[in-house]
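This report describes selected local features of one structure. Please consult the sequence and the model shown here while reading.

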Amino acid sequence: MIRRTIAAAALLAIVVPSASAQTVSQEQLDARYDRAMAAGYKALFLCGAIGNSHHMAKRTPEDIARWELTGIYPDLDPIVQDLPYRIEVHAGTALSTTLGPTLHYVAVDWDDRVPPRIALYKPRRGCSILPIGAAEPVPAAKAERVLPGPMPTMRPQAETPVDPVTADAFQSAYGEGTRTTAVLVQRSGDIISERYAAAPFGLTTPQRTWSVAKSIAATLVGAAVLRGDADVNASAGLGADAADPRRAITVDHALRMATGRYSEAPGNRTDALYFGGATVQETALDGPLVHRPGTMFRYANNDTLAATQAIAGTFTDYPPGKLFSAIGMNQTTAETDWQGDYVLSSQVWATARDLARLGQLYLDDGMAANGTRILPEDWVEYVSSPSGPQPEGEFGYGAGFWLFNDSEGVPPETFAAMGNRGQYVVIVPSRDVVIVRRGEDPTGARFDITAFTRDVLAALD
């Protein structure tokens, strides 16, 4: 793979003292690359799970190893558990404090000849993975503190017919080997059923959304359209100049996974960006065209990143956190690469309740609970319309959302945000229902969200 080869070549330059003194086979180089990626993966998830909890949900390295760091990509899974790590906090503070985040960075050793992999925490911006070979950060003289918000509480709920269905989700009834961490069913804005796995998961536990972030990215684009800061039919700004054929790629093409650009692998594997310390600017914007824009569906992180880069200039005044506050997603954090560009294809941490609020925004036609319009009046129809080229399989694709337009027993207007390891936010407009399922499903296990949605809706009847 081209990107892997380039990244591995850079790794070789760091690791090998002299090209004349030592040569490395491609197999050895790939093995070292996997080890570096595994260390980056571990550093980023330890940092994200601890830092983004804002001390409202106590996470430990042991429970993170059990949940987030097991059953991961097969090439990284055998490596990640045994890599030694250090959790560094700001001077004079401790992770047990209740006065706000004190985490500074996480370091994971992977080779005694080079510096450890570093994931650096910043309040309100979460964790960023630094480039391979980056030196450890200098301790800050004073830690910025962010006071945690009010602690939410579980409201007593009368037993409902939905409860047995949501309970089954924790027993692998909807997929062998799946691991459900949270389920929430909301109707007409009211929580009907809400369950969590054993500690550490609960009301205040954020998890990485993985590709649910793509639907959050589409929401940010919609908010920019409402403000007049974006036009989905305008160029996404790709390509070297106006003569570059990639300049014809629109924001709409990018949201619908239809830019026509080459990507080395379908799906969500962009390891150089996610775990290697490469940046959005380096990795996401330069792929060559292999299809005319708008004619071919290919699921790719880089398409979502191209769409968000098209509105990146608005993030100074309207960062993702401002949108989250407007719709009550107060325990959601959008993370960036180490140069400050948001990685909105995957790198967002949110609680189950915050994701239910995202779904409710769409049920309410883009209106916040206080009556403020967040999205254009036709945005729900736009994101849930299969107007672009379509993927094979059960689900269709709109603009940043998956479509249940051919799922037996599920209303055909149903659409959803979906992410790796079993993250789902299902929106059923005709029933005024949002269904959130969070998980840490190992690679190869698949939670049957269609069957679960069908059973929840039947129970609500």
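Two strands pair if DSSP finds at least two bridges between them. Helices (H or I, at least four residues) and strands (E, at least two) are DSSP runs, numbered from the N terminus. The model is predicted: local features need pLDDT of at least 70, side-chain atom pairs count only at pLDDT 80 or more, and totals for chains, interfaces and linings use all residues. Residues are numbered from 1 along each chain as its sequence is written, and side-chain values use heavy atoms, with hydrogens and water left out.

**A strand pair**

Strand β5 (residues 180-187) runs antiparallel to β6, and six bridges join the two. Within this pair, V185 is placed opposite S193 of β6. The two strands form a hairpin with two residues between them, and S188 in the turn has a positive phi of about 55 degrees.

**Burial**

Buried means under 20% relative accessible area, exposed over 50%, and partly exposed in between (1.4 Å probe, protein chains only). The table lists two elements by their buried residues.

| Element | Residues | Buried residues |
|---|---|---|
| Strand β6 | 190-196 | five of seven |
| Helix α10 | 301-309 | nine of nine |

Because nine of its nine residues are buried, helix α10 is largely enclosed by the rest of the structure. Among these buried residues are N301, D303, L305 and Q309. They pack (contact means heavy atoms within 4.5 Å) against α6 (212-227), α7 (251-255), α8 (271-274) and α9 (280-283).

**A loop residue**

N52 is found in the loop between α2 (26-51) and α3 (61-66). N52 is buried, with a relative accessible area of 2%. Leaving aside residues up to four places away in sequence, N52 touches C47, Y121, G126, P206, T333, E335 and W349.
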